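Thanks for making the time, everyone.

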Amino acid sequence: RMVFVNGEYVPEEAARVSVFDRGFLFADGVYEVVSVLGGKLVDFAGHMARLRRSLGALDMEMPMAEAEFLATHRDLVARNALDEGMVYTQVTRGAADRDFLFPPEGTPLSVVSFTQAAALVDKPAARRGIRIITQPDIRWGRRDIKTVQLLAASMCKMAAKKAGKDDAWMVEDGFVTEGTSNNAYVVAGGSIITRDLSHSILHGITRAAVLRLAREARMTLEERAFTVEEAKAADEAFVTSASSFVTPVIEIDGLPVGSGAPGPVAARLREIYIADARASAV
Ligand code: PMP
């Protein structure tokens with residue numbers, strides 16, 4: 001694989017980042033994952049807007065113009081002959097002597113990008129649905145910033161694996177915040193319910209697209225927090241993310257959701273989303 005490191009394309013074996021990189025020492029960095037369908041980038045502009053916002057919230061600026069990020073993404077897709085999968089990009093505050101204070105102004109940010117091939121459309125999880133458990137949300141208070149500080153989510157996902165399940169939904173004060181790496185939804189009383197945007201959750205790019213498409217299809221939406229009890233009693237549940245698109249949830253804490261099989265709302269949204277993503281990819 002060829003990867004991008006600070007302006008250069010190098011074979012992954014030759015790629016190097018400093019041990020003093022603040023991403024490594026402080027998790028002082030942010031990332032984006034752009035999915036690739038048919039060799040094209042899905043919702044690239046949305047991911048760049050969020051990257052700019054995440055950096056801004058941490059007092060960093062875009063290290064290159066959006067057009068350069070686009071060129072880099074396209075170069076990586078071409079050099080690695082990627083048809084389906086993702087491009088991961090990480091921007092950190094760069095390398096400096098270890099200090100809680102930020103490095104002096106002018107310290108260059110680190111930029112790393114790489115591709116990862118994966119089947120996104122034709123996936124057993126999408127056909128069969130996933131089983132999840134609930135876990136306390138022990139993350140920090142700015143989950144809207146897409147930082148590389150992912151240990152809490154990683155531990156929740158490991159807890160799910162140990163329980164023989166696929167993923168976890170995180171819970172705070174009785175309300176579901178989101179999945180370990182996706183936004184969470186339930187369908188109840190004919191409406192699609194997902195948590196409203198705040199500092200408590202990541203503002204999913206797939207979430208924004210799915211809500212827009214659901215509105216265009218005249219489906220009923222409610223953006224509000226929902227409880228674990230509500231989720232367990234719902235007709236359907238599903239998650240969204242750049243790499244999972246729309247994926248049905250068929251079990252929560254050992255209890256079947258609805259009939260225990262993937263539901264029609266999730267199936268329809270997945271189909272509409274993939275068609276739109278393919279048509280608008282760049
Ligand atoms: N929430 C969390 C915590 C995530 O890590 C992700 C995926 N990175 C999402 C939601 C979904 O965001 P997106 O649709 O932009 O991939």
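Predicted model: local features only at pLDDT ≥ 70, side-chain atom pairs only at ≥ 80, totals over all residues.

Let me begin with a question: how many residues of domain 1 are in contact with how many residues of domain 2? Residues are numbered from 1 along each chain as its sequence is written.

The answer is that 21 residues of domain 1 are in contact with 13 residues of domain 2, where contact means that the C-beta atoms of two residues, placed from the backbone, lie within 7 Å. On the side of domain 1 that touches domain 2, the elements giving two or more residues are β3 (29-37), α2 (44-57) and β5 (85-92), and the largest share of that side, eight residues, comes from β3. When I name helices and strands, I mean DSSP runs numbered from the N terminus, with helices being H or I of at least four residues and strands being E of at least two. The division itself runs 2-117 for domain 1 and 124-280 for domain 2, with bounds that come from an automatic or database domain assignment. The centres of the two domains, taken over C-alpha atoms, are separated by 26 Å.

A residue is buried if 20 or more other C-beta atoms, placed from the backbone, lie within 10 Å of its own, exposed if 12 or fewer do, and partly exposed in between. If we set aside residues up to four places away in sequence, A237 touches Y185, V186, A231, V249, I252 and V257.

In α2, the buried residues are F44, H47, M48, R50, L51, S54 and L55. They cover an arc of only 165 degrees around the axis, which puts them on the same side of α2, the arc being that of the directions from the helix axis to the C-beta atoms. The cover over these buried residues includes β3, β4, α3 (66-79), β5 and α6.

Both ends of α2 deserve a look at the backbone. In the loop between β4 (40-41) and α2 lies D43, which has a positive phi of about 50 degrees although it is not a glycine. D43 counts as buried because it has 21 C-beta neighbours inside 10 Å. Just after α2, D59 takes a positive phi of about 65 degrees.

In α5 (residues 151-162), the buried residues are A153, C156 and A160. Those three cover an arc of only 60 degrees around the axis, which puts them on the same side of α5, whereas L151, S154, M158 and K162 are exposed on the other side. Among the elements covering the buried residues of α5 are β7 (130-136) and β8 (167-172).

The helix α8 (residues 264-280) has V265, A266, L269, R270, Y273 and A277 as its buried residues. Seen down the axis, they fall within an arc of 125 degrees, so they line one face of α8, while the face turned away from this buried side carries the exposed residues P264, E271, A275 and A279.

Finally, which residues come nearest to the ligand? Of the 13 residues around the ligand, these are L202, G204, I205, T206 and A242, where a residue is near if its C-beta atom, placed from the backbone, lies within 6 Å. The elements giving two or more residues to this shell are α6 (205-216) and β13 (236-241), and the largest share, three residues, comes from α6.
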